[in-house]
Amino acid sequence: MRRFCLKNNQQGATMIEALGVITIVILLTVSIIKIIGNVYGVFKQNLIVNELKDLQKAISERYRFEGNYKELFENRNTTDDVSRFLCENKMAPYKMCSNGILHHSMAGNVFVEPDDADYQRYKITFDTLTDRACANIAQINWHMQKKPAVYRILIKDSAGARKLDVELPHNQTANSINFPITADTAMQACQNKDNTMIEWTFF
């Protein structure tokens, strides 16, 4: 009887140890998956920052010497028409083009539109951004050069309500305005349940 009890106790101890090992493995696996997810999220955030910068640079440099963006928008009635033109002329990063329509790396839509009747400015809109991606991309410093690159930054939630609207005042220089947007301001404006839209207006 004593040997039988001892054997049962040993089996019970072995079972507890096995369960402990399994629990540790599960916890480690969950932690690793979470870390990988966070790293992938940061990678995606950096991707869309580069996509926006590359798209803005291509458009601005293409029409810099013309003084306006009339050629880009004239006779193109929809944002899809503009997207196709940008993709066909290789002005948009190729990874952003899917069947001639612009998308960013977080699977949201990208729109390029004129901002004024004289085609002096244009707008780039990224929608369906996560809160973190929104806060990250909103903090880009566009005013590294003497002449301001951004005229306005507008952040909206999924219902279209304005969460942040920063505009460059008339005749104001880049050095005298609060650009780039601070981290606290961006994070507060971007708390929209991972469904935020940002619109940049460029000169």
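What follows are my entries, from the overall picture down to single residues.

**Ground rules.** I am working with a predicted model, where local features need pLDDT of at least 70 and side-chain atom pairs count only at pLDDT 80 or more, while totals for chains, interfaces and linings use all residues. Residues are numbered from 1 along each chain as its sequence is written, and side-chain values use heavy atoms, with hydrogens and water left out.

**Confidence.** I began with pLDDT, the predictor's confidence in each residue, from 0 to 100. The protein chain averages 80, and 73% of the residues score at least 70. Where is confidence lowest, and where highest? I found the lowest in α1, with a mean of 69, and the highest in strand β3 (residues 110–114), at 95. I also flagged residues 173–177, where pLDDT stays under 50. For that stretch the model has 10 contacts beyond four places in sequence, a contact being heavy atoms within 4.5 Å.

**Overall layout.** I counted five helices and seven strands in the protein chain. These are DSSP runs numbered from the N terminus, with helices being H or I of at least four residues and strands E of at least two. Along the sequence I read α-α-α-β-β-β-β-α-β-β-α-β. Of the 203 residues, 37% count as buried; my cut-offs are under 20% relative accessible area for buried, over 50% for exposed and partly exposed in between, with a 1.4 Å probe and protein chains only. Among contacts between residues at least 6 apart in sequence, 65% join residues at least 24 apart. The accessible surface comes to about 12800 Å², and 54% of that belongs to carbon and sulfur atoms. Areas are from the Shrake-Rupley method with a 1.4 Å probe, and for residues only the protein chains shown count as cover.

**Helix α1.** I looked for nonpolar surface and found a patch of M15, L19, I22 and I26, with about 400 Å² of accessible area together. I26 is in helix α1 (residues 2–62). Patch members have over 30% relative accessible area and no salt bridge; like charges are joined within 9 Å and nonpolar side chains (Val, Leu, Ile, Met, Phe, Trp, Tyr) within 5 Å.

**Strand β4.** I picked two residues here. T125 lies in β4 (residues 122–129) and is buried at a relative accessible area of 4%. Leaving aside neighbours within four places in sequence, I listed its contacts as N109, V110, F111, E113, M197, I198 and E199. L129, also in strand β4, is buried too, at 0%. What does L129 touch beyond four places in sequence? I noted I48, H104, C134, I137, D194, N195, T196 and I198. L129 and I48 are 81 residues apart in sequence, yet 9.7 Å apart in space, C-alpha to C-alpha.

**Strand β5 and its partners.** β5 (residues 150–156) is mostly covered, with six of its seven residues buried. I count strands as paired if DSSP finds at least two bridges between them. β5 runs antiparallel to β7 (residues 196–202), joined by six bridges, and V150 has F202 as its bridge partner. Five bridges join β5 to β6 (residues 162–167), again antiparallel, with K156 opposite R162. Five residues lie between the strands of the β5 and β6 hairpin, where G160 takes a positive phi near 90 degrees.

**Salt bridges.** I searched the whole structure and got six, each a side-chain nitrogen of Lys or Arg within 4 Å of a carboxyl oxygen of Asp or Glu. E71 pairs with R62, the closest N and O atoms being 4.0 Å apart. For D115 and R121 that distance is 2.9 Å, and D115 is partly exposed at 24%. R152, R162 and D165 are linked in a network.

**Helix α3.** D81 forms a salt bridge with R84, the closest N and O atoms being 2.9 Å apart. Why are D81 and R84 separated by about one helical turn? They are three residues apart in helix α3 (residues 79–88), so about one turn separates them. D81 is partly exposed at 25%, and R84 likewise at 32%. The buried residues of α3 are V82, S83, F85, L86 and C87.
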